[in-house]
Amino acid sequence: MRWRKSTGNSPGEGFPRALWREGAGRSSKNGNRKGSIMPRLSKSPDTGVATLAELVGIANALEHEAERRYRWLAEEFRRRGEPETAEAFEGMAGEEEHHIVDVSRWADNLGQPVPAAESFFWRLPSDLAESWDEVAGSALLTPYRAFAIAVDNEERAFAFYAYVSAWAEDRKIAAEAEMLAREELRHAAKLRTQRRIAYRAEGRHRSTPELDDIQTEAALARLIVEEEAEIAEMFAAMADRLDDLGAAGSADDVRRMAEKAKTRAAVDEVKSSPDDMPPVPNSAAGIMTTAQARLERFSERLESVLIAAEDEKIMSLAQSSLEDVVRRIALINDRLERSDEV
């Protein structure tokens, strides 16, 4: 597969909206507003990319490191006597070999040499190494979990490239980084298919009671309404408390999310102090963290539905809802990162 040429769009143009923070962004030197990236990385990368040569080196290092790690994990799980999991990682390593070739072709089209991967390993997000290390220490890893981790790593690679694209001062670097980010999304999509196959092979959909009711689009719609109604009430109370604490910016963000959740739930009004809501923390950061955790629980349910779904309408509704929840998580995460503004 030959990588597609970059689109030449402005940074952020064309990326799935769920992967760009809603309402966030800082000003660049030329005054343009740039979107931030969904929180797939634990922290924003602190290495800028100033030249195409650097971008090529990083891309090559990322694919080589993935291939090396997957190959090692395949050997490790074969040694443990788990051939199915070893085979899953072996297949991922083979895919990464193809990606390495693709990087070489892309670099050749740019007229750039491909440097030794080892000289750029230090530029890669630390989250990638940490996730692989966690896998190596797992005693309960199955093929499904192996593919799930691979999907997560592809999404982290996407986040890294999207960050580079969003903050690059050179439009050519921004466009090429956007192309690399799109490739990582395509890699993730392919792995999701394999993850779904492994998920069903392991019978996980039969052992998850809460998914038994999500057999129709209407059932999923009811789940979404219930979740959004609860979030609307919870966030309305949180917004009032944030106002009391003098965190006006965070209060406005959370109140807007409460209003949108109310609309999604199709309810006329929500109580600002629901009886069954847990105590609201006494700090702005604590409130925002609690709000993010609530949305993350919702996103996990939607992700579970998406993995298990066979009906295209259910998959489409789960995906669009998940993207919307991710936007809200990202907005809160952006507030928390700018701790002086919470």
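View 1. D243 counts as partly exposed, because its relative accessibility is 38%. Keep in mind as you look around that this is a predicted model. What does the side chain of D243 meet in a salt bridge? Its partner is R255, with 2.7 Å from N to O. D243 sits in helix α6, while R255 sits in helix α7 (residues 248-265), and the two are 12 residues apart. R255 is partly exposed too, since its relative accessible area is 27%. Side chains of opposite charge can pair when their charged atoms come close.

**View 2. Helix α9 tied to helix α7.** Here D324 forms a salt bridge with R264, and the closest N and O atoms are 2.9 Å apart. D324 belongs to helix α9 (residues 312-337) and R264 to helix α7, so this pair ties together parts that are 60 residues apart in sequence. Is D324 buried or exposed? At 13% relative accessibility, D324 counts as buried. R264, at 27%, counts as partly exposed.

View 3. The side chains of E230 and R294 form a salt bridge, with 3.1 Å from N to O. E230 lies in helix α6 (residues 217-244) and R294 in helix α8 (residues 284-308), so to find the pair you look at places 64 residues apart. E230 is partly exposed at 43% relative accessibility, whereas R294 is buried, with a relative accessible area of 4%. In the whole structure, a search finds 25 salt bridges.

**View 4. Inside the largest nonpolar core.** This core has 38 residues, and L220, F235, L242 and V254 touch the most other members. Which elements give two or more residues to the core? They are α6, α7, α8 and α9. Helix α6 gives the most, with 12 residues. Now pick out V254: leaving aside neighbours within four places in sequence, V254 is in contact with F235, M238, A239, L242 and M288. Elsewhere there is a second, separate core of 28 residues, and L52, A117, A174 and A177 are among its members.

**View 5. Helix α7 from end to end.** How does the span of α7 compare with what its 18 residues should give? At 1.5 Å a residue, α7 should span 26 Å, and its end C-alpha atoms are 25 Å apart, which agrees. Several residues of α7 are buried, including S250, A251, D253, V254 and M257. Further along, A258, A261, K262 and A265 are buried as well. Just after the helix comes A266, which takes a positive phi of about 60 degrees.

**View 6. Helices α1 and α4 side by side.** Two packed helices are described by the angle between their axes and the distance between the axes. For helix α1 (residues 52-79) and helix α4 (residues 143-167), the axes come within 12 Å and cross at roughly 170 degrees. That makes α1 roughly antiparallel to α4, because angles over 145 degrees count that way. Which residues of α1 meet α4? They are L55, I58, A59, L62 and Y70. On the α4 side, the residues they meet are A150, N153, A157, F160, Y161 and V164.

Key: Residues numbered from 1 in each chain as written. Predicted model: local features only at pLDDT ≥ 70, side-chain atom pairs only at ≥ 80, totals over all residues. Heavy atoms only, no water. Salt bridge = Lys/Arg side-chain N within 4 Å of Asp/Glu carboxyl O. Helix = DSSP H or I, 4+ residues; strand = E, 2+ residues; numbered from the N terminus. Buried < 20%, exposed > 50% of the residue type's maximum accessible area, 1.4 Å probe, protein only. Core = buried A, V, L, I, M, F, W, Y, C linked by side-chain atoms within 4.5 Å. Contact = heavy atoms within 4.5 Å. Expected span 1.5 Å × (residues − 1). Axes fitted to C-alpha atoms, helices over the stretch in contact; angles between N-to-C directions. Parallel < 35°, antiparallel > 145°, perpendicular 65-115°, else oblique.
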